Amino acid sequence: MQEAPKCPNCKRPLTYLKRVCTESTEYELSVDGCYEKAETKKEDCSGFVCPYCGYLIADDETKAIEFLRQSK
């Protein structure tokens, strides 16, 4: 059985990575105090991180898959 790769930072075995993305949404506030969604801007993804310690492991999907496929 293949052993999972380990995080270079916390050394825990990894079977998946987290992709960290932020999305910006603008809302309009009306005079009666109600909000209406005006626009959602493009999401900004910073990379793939260890799900335990947040260490950045790969900056794109290809590198993330390569990392997960490696055996120790």
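**Contacts, sheets and a disulfide**

Author: Let me begin with one side chain: leaving aside neighbours within four places in sequence, phenylalanine 48 is in contact with Leu17, Lys18, Arg19, Tyr55, Leu56, Ile57, Ala58, Asp60, Glu61 and Ala64. Please keep in mind throughout that this is a predicted model.

Reader: Which residues make up the largest nonpolar core?

Author: That core has eight residues, namely Cys7, Leu14, Leu17, Phe48, Cys50, Ala58, Ala64 and Phe67. As for the chain as a whole, buried residues make up 17% of its 72 residues.

Reader: And what is the bridge partner of phenylalanine 48 in β5?

Author: The partner is alanine 58, a residue that also belongs to the largest nonpolar core. The strands β4 and β5 pair in the antiparallel sense over two bridges, and they form a hairpin with six residues between them, where glycine 54 in the turn has a positive phi of about 80 degrees.

Reader: Stepping back, what's the overall secondary structure?

Author: The chain comes to one helix and five strands, and along the sequence these follow the pattern β-β-β-β-β-α. With a radius of gyration of 18 Å, well over the 11 Å that the globule rule gives for 72 residues, the chain is more spread out than a compact globule. Taken along the principal axes, the C-alpha atoms fill a box of roughly 60 × 20 × 20 Å.

Reader: How many of the contacts between residues at least 6 apart join residues at least 24 apart?

Author: Among those contacts, 50% join residues at least 24 apart in sequence.

Reader: Okay, sheets. What is the order of the strands in the open sheet of three?

Author: The order is β1-β4-β5, with antiparallel pairing. The edge strands are β1 and β5, the latter covering residues 56–58, and each of them pairs on one side only. On average, and with direction ignored, neighbouring strands of this sheet are turned by 55 degrees against each other.

Reader: How many bridges join β1 to β4?

Author: Five bridges join these two antiparallel strands. Within that pairing, valine 20 stands opposite glycine 47 in β4, and cysteine 21 stands opposite cysteine 45 in β4.

Reader: Two cysteines facing each other, then. What joins cysteine 21 to cysteine 45?

Author: A disulfide joins them, with an S to S distance of 2.1 Å. The pair links distant parts of the chain, with cysteine 21 in strand β1 (residues 18–22) and cysteine 45 in strand β4 (residues 44–49), 24 residues apart. By the distance rule, the count comes to one disulfide.

Reader: Why is the disulfide right-handed?

Author: The torsion about the S-S bond of cysteine 21 and cysteine 45 is about 100 degrees, and therefore the disulfide is right-handed.

Reader: How accessible are cysteine 21 and cysteine 45?

Author: Cysteine 21 is partly exposed, with a relative accessible area of 34%, and cysteine 45 likewise counts as partly exposed, at 25% relative accessibility.

Reader: What about cysteine 10, which is in no disulfide: where is the nearest cysteine sulfur?

Author: The nearest cysteine sulfur is that of cysteine 7, 3.8 Å away. Cysteine 10 is partly exposed, with a relative accessible area of 27%, and cysteine 34 is partly exposed at 44% relative accessibility.

Reader: Switching to the other pair of strands, how do β2 and β3 pair?

Author: Strand β2 (residues 25–29) and β3 pair in the antiparallel sense over five bridges, and glutamate 26 stands opposite glutamate 39 in β3. Their hairpin has five residues between the strands, and glycine 33 there takes a positive phi near 85 degrees.

Reader: How many residues of β3 are buried?

Author: The count is zero among the six residues of β3 (residues 35–40), a strand that is hardly covered.

Reader: Last one: where is glutamate 43 found, and what is it in contact with?

Author: Glutamate 43 is found in the loop between β3 and β4. Leaving aside its neighbours within four places in sequence, glutamate 43 is in contact with Cys21, Thr22 and Glu23. Its relative accessible area is 41%, and it is partly exposed. The C-alpha atoms of glutamate 43 and threonine 25, 18 residues apart along the chain, are separated by 9.5 Å.

Notes:
Residues are numbered from 1 along each chain as its sequence is written. This is a predicted model: local features need pLDDT of at least 70, side-chain atom pairs count only at pLDDT 80 or more; totals for chains, interfaces and linings use all residues. Side-chain values use heavy atoms; hydrogens and water are left out. A disulfide is a pair of cysteine sulfur atoms within 2.5 Å. Helices (H or I, at least four residues) and strands (E, at least two) are DSSP runs, numbered from the N terminus. Buried means under 20% relative accessible area, exposed over 50%, partly exposed in between (1.4 Å probe, protein chains only). Two strands pair if DSSP finds at least two bridges between them. Axes are lines fitted to C-alpha atoms, for helices over the stretch in contact, and angles run from 0 to 180 degrees between N-to-C directions. A nonpolar core is a set of buried Ala, Val, Leu, Ile, Met, Phe, Trp, Tyr and Cys residues joined through side-chain atoms within 4.5 Å. Contact means heavy atoms within 4.5 Å. The radius of gyration is taken over C-alpha atoms; the globule rule is 2.2 Å times the number of residues to the power 0.38.
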